[in-house]
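Hello,

Here is the structure I promised to pass on to you. Please keep in mind that it is a predicted model. My notes follow below it.

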Amino acid sequence: MAFEPVLTRNIHRPDSGTIEGYLAAGGYQGLRRALKEFSPGQLVEEVKNSGLRGRGGAGFPTGMKWGFLPKTRDKPRYLCVNADESEPGTFKDRLLIEKDPHLVLEGIILSAYAIESSLAFFYIRGEFHEGYRIFQKAVQEARAKGFLGTNILGSGFSLDIIIYRGAGAYICGEETALLESLEGKRGYPRIKPPFPAIVGLYGCPTIINNVETLANVTLIAERGAAWYASIGRPPKNTGPKLFCLSGHVKRPGVFEAPLGVPFLELLNEHAGGMQHSDRPLKAAVPGGSSMKILPASKCDVLMDFDALAAAGTSLGSAGGIVMDTSTCMVTALLNVARFYAHESCGQCTPCREGTGWFVKILSRLERGDGRPEDVGLLTGIASNIEGNTVCPFGEAIAWPVESYVRVFREEFEEHAKRKACPMKTTAVR
Ligand SMILES: Cc1cc2nc3c(=O)[nH]c(=O)nc-3n(C[C@H](O)[C@H](O)[C@H](O)COP(=O)(O)O)c2cc1C
Ligand code: SF4
């Protein structure tokens, strides 16, 4: 059966960002249907049955997460939308926010209904000026049409949304740092447990979901769990997915395909193949800069949570970065390490100090001042970070370091031995 793009179905319409355009394309039908046909609990079940897993990076089942909310109702419940998208190589949420904001907004309203929350927070990356403007307009339009506010479509359900702009910190995409930031504090991740579903924003039960996850909820409400669960690789990898591809490809961009699409199909068909015909694939990071790298020989892999885990990496935020044979792996890793050293919140020592050491060691290897012990030093520091930090940011830098060095060890050792780059060319910068 041919795949029908649904997340990106409106993005090429000139009026896709307006409520008129969205309504003309059948928008808000899912919300009308769900408010009539489903109780909140039934909508949670529908999302569980769809198999939807979070699109923010960890792939946690969405309905199951919603089910963790306490049954007691002595405190308000909040929905926080994670629109902080900052993982290098990832630019899919931005597309949805800018090109089809009502698809996202409808998913937010539906999800707030399901978890019985009457206040949602939209935490948007500070640099997304255009996205902020577009989303703010969408919220105003939805309010004017009665899709937001008091007694939505006469259902008795009420919801308001607060849009909050981040200040440009990658770590505020981590869900508990996001909550701290929303509370007006420095974005320091919290120790878990307790998980936000129990103790979240202002100490109240809170669900945090990614933008693309919530856009998928709109589709589930519109077409049903059975339809959704038939896409991809059921039962554990269902639904449509946005994949980003950048680096040495002919046509970098965001592509929609079912979960489980072959990586090589994304590369060769969607992204037009390698940028230069005389420079074949050397390696790829399928899931964004914080995930483990795969050598070309292992890139014949399916793009879903479980297939990539079996291949020794992760789907992450599906920010695929493609590198050809001109790429120096020391320079590529230095580029990654610089980002993480800059973005470490500094709360825990292994991450704060380790990221700085990665930059120092990789810089000296790159400029020809490397020492024979440097390669072992890199992996030693990575293993000291892994598992020893407050939040998974530690792994987000330990994994690339460990995997780049493991897969391309010879190249790293050659840098130290020759006191120069064996490639004599530069990497993806
Ligand atoms: C360092 C770090 C950065 C993150 N950045 C983002 C982000 O920008 N957007 C996002 O949705 N999730 C991000 N996450 C994942 C969130 O913590 C959280 O798992 C996600 O928002 C949950 O939504 P989902 O279940 O819908 O995927 C990040 C996690 C870590 C550790
Ligand atoms: S792992 Fe890094 S980013 Fe996360 S809390 Fe510790 S210092 Fe901050």
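Let me start with the nonpolar core. The largest one has 130 residues, and those with the most contacts inside it are Cys-80, Val-81, Ile-108, Ile-109, Leu-266 and Leu-333. Helix 6, which spans residues 101–115, gives this core its largest share, ten residues.

The axes of the two helices come within 7 Å and cross at roughly 80°. An angle of 65 to 115 degrees counts as roughly perpendicular, so helix 6 is roughly perpendicular to helix 9. By class, their contact has nine nonpolar, four polar and one charged residues. On the helix 6 side you will find Leu-103, Val-104, Glu-106, Gly-107, Ile-108, Leu-110 and Ser-111, which meet Val-211, Leu-214, Ala-215, Asn-216, Val-217, Thr-218 and Ala-221 of helix 9.

Then there is ligand 2. Which residues are the closest to ligand 2? They are Cys-345, Cys-351, Thr-389, Cys-391 and Phe-393, out of 14 residues that surround it. Helix 14 (349–367) and helix 16 (393–407) each supply at least two residues of this shell. Sorted by class, the shell around ligand 2 has eight nonpolar residues, five polar ones and one charged one.

Note on methods:
Residues are numbered from 1 along each chain as its sequence is written. Chains are lettered from A and ligands numbered from 1 in the order in which they are written. This is a predicted model: local features need pLDDT of at least 70, side-chain atom pairs count only at pLDDT 80 or more; totals for chains, interfaces and linings use all residues. A nonpolar core is a set of buried Ala, Val, Leu, Ile, Met, Phe, Trp, Tyr and Cys residues joined through C-beta atoms within 7 Å. A residue is buried if 20 or more other C-beta atoms lie within 10 Å of its own, exposed if 12 or fewer, and partly exposed in between; C-beta atoms are placed from the backbone. Helices (H or I, at least four residues) and strands (E, at least two) are DSSP runs, numbered from the N terminus. A residue is near a molecule or strand if its C-beta atom, placed from the backbone, lies within 6 Å of it. Ala, Val, Leu, Ile, Met, Phe, Trp, Tyr, Cys and Pro count as nonpolar, Asp, Glu, Lys and Arg as charged, and the others, Gly among them, as polar. Axes are lines fitted to C-alpha atoms, for helices over the stretch in contact, and angles run from 0 to 180 degrees between N-to-C directions. Angles under 35 degrees count as roughly parallel, over 145 as roughly antiparallel, 65 to 115 as roughly perpendicular and the rest as oblique. Two residues are in contact if their C-beta atoms, placed from the backbone, lie within 7 Å.
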